[in-house]
Amino acid sequence: MATVLVVEDDEFVRSAIIRDLTGRGHAVRSAGRALDALREIAHVGPDVVVLDLGLPDLDGAEALKMLRAISDVPVIVATARDDEAEIVRLLRGGADDYLVKPFSGDHLNARLEAVLRRARPGAPSSVARVGGLVVDADRREARLDGAPLDLTRREFDLLTYLAARPDRVISRKELLAEVWRQSYGDDQTIDVHLSWLRRKLGESASRPRYLHTVRGVGVRLSPPAEG
């Protein structure tokens with residue numbers, strides 16, 4: 001069926017979930033702390049993660065943010081916080097679905113099947129949406145808050161690559177290889193294009209909205225913070 005990583009610090013709850021999912025044919029791994037879960041994701045590569053928010057070492061939202069920096073694995077957040085604003089924030093922060101505790105094994109399994117259907121290869125959409133930014137790779141069109149962006153070919157390719165991986169820090173080496181199709185080159189070329197792209201997005205390096213430089217690592221495209 002699927003390899004499921006259950007991240008839950010309550011041993012009783014964790015054991016019950018593992019027992020139920022195993023009985024349904026899933027291969028289940030588990031972690032009781034966020035940092036242990038991140039190591040599992042990096043080394044094992046599960047098909048889906050069930051992430052409890054009440055972990056002892058990291059806040060659930062922070063754990064989700066760190067997880068999204070290293071993986072696109074589908075994440076179902078399990079939370080006791082039945083608060084709409086909090087759930088919306090988590091979904092915008094990278095969660096694919098959520099469950100409010102307590103939940104049944106049937107409910108969890110139905111959610112697992114749903115996110116796995118969406119994650120499996122098929123006919124993926126060519127349209128990426130990040131905040132008010134919409135990038136249509138097939139039509140080679142980009143819009144910001146409904147207004148078309150006038151981009152060069154390279155600017156569009158750069159924006160498309162970043163928009164398809166929102167909230168992930170992309171290294172300059174990766175951009176050079178995947179966008180410029182070069183195994184080596186000058187980082188200044190990338191920085192210049194990022195500067196041009198920022199200008200067209202109505203921002204600057206000192207006051208970013210979408211494009212955030214992570215010093216010494218790379219660049220991340222994320223939706224603007226609310227408020």
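What follows is a friendly conversation about this predicted model.

Author: In this predicted model, local features need pLDDT of at least 70 and side-chain atom pairs count only at pLDDT 80 or more, while totals for chains, interfaces and linings use all residues. Residues are numbered from 1 along each chain as its sequence is written, and side-chain values use heavy atoms, leaving out hydrogens and water.

Reader: Welcome words taken! What makes up the secondary structure of the protein chain?

Author: There are 8 helices and 12 strands. Helices (H or I, at least four residues) and strands (E, at least two) are DSSP runs, numbered from the N terminus.

Reader: How do you know whether the radius of gyration agrees with a compact globule?

Author: The radius is taken over C-alpha atoms, and the globule rule is 2.2 Å times the number of residues to the power 0.38. For 227 residues a compact globule would have a value near 17 Å; the protein chain has 19 Å, which agrees.

Reader: Which residues of helix H4 are called buried?

Author: Glu86, Ile87 and Leu90 are the buried residues of H4, which spans residues 84–92. Buried means under 20% relative accessible area, exposed over 50%, and partly exposed in between (1.4 Å probe, protein chains only).

Reader: What do the buried residues of H4 pack against?

Author: Their partners are helix H3 (60–70), strand S4 (75–79) and strand S5 (97–100). Contact means heavy atoms within 4.5 Å.

Reader: What makes a nonpolar core, by definition?

Author: It is a set of buried Ala, Val, Leu, Ile, Met, Phe, Trp, Tyr and Cys residues joined through side-chain atoms within 4.5 Å. The largest one here has 27 residues, and Leu133, Leu159, Leu162 and Leu175 touch the most other members. Helix H6 gives the largest share of this core, 6 residues. A second, separate core of 21 residues includes Val7, Leu67, Val75 and Val77.

Reader: How do you know that the charged end of Arg111 sits over the ring of Tyr98?

Author: The rule asks for NZ of Lys or CZ of Arg within 6 Å of the ring centre and within 35 degrees of the ring normal. Arg111 is counted as sitting over the Tyr98 ring, at 5.8 Å from its centre. Arg165 likewise lies over the face of Tyr161, at 3.6 Å from the ring centre.
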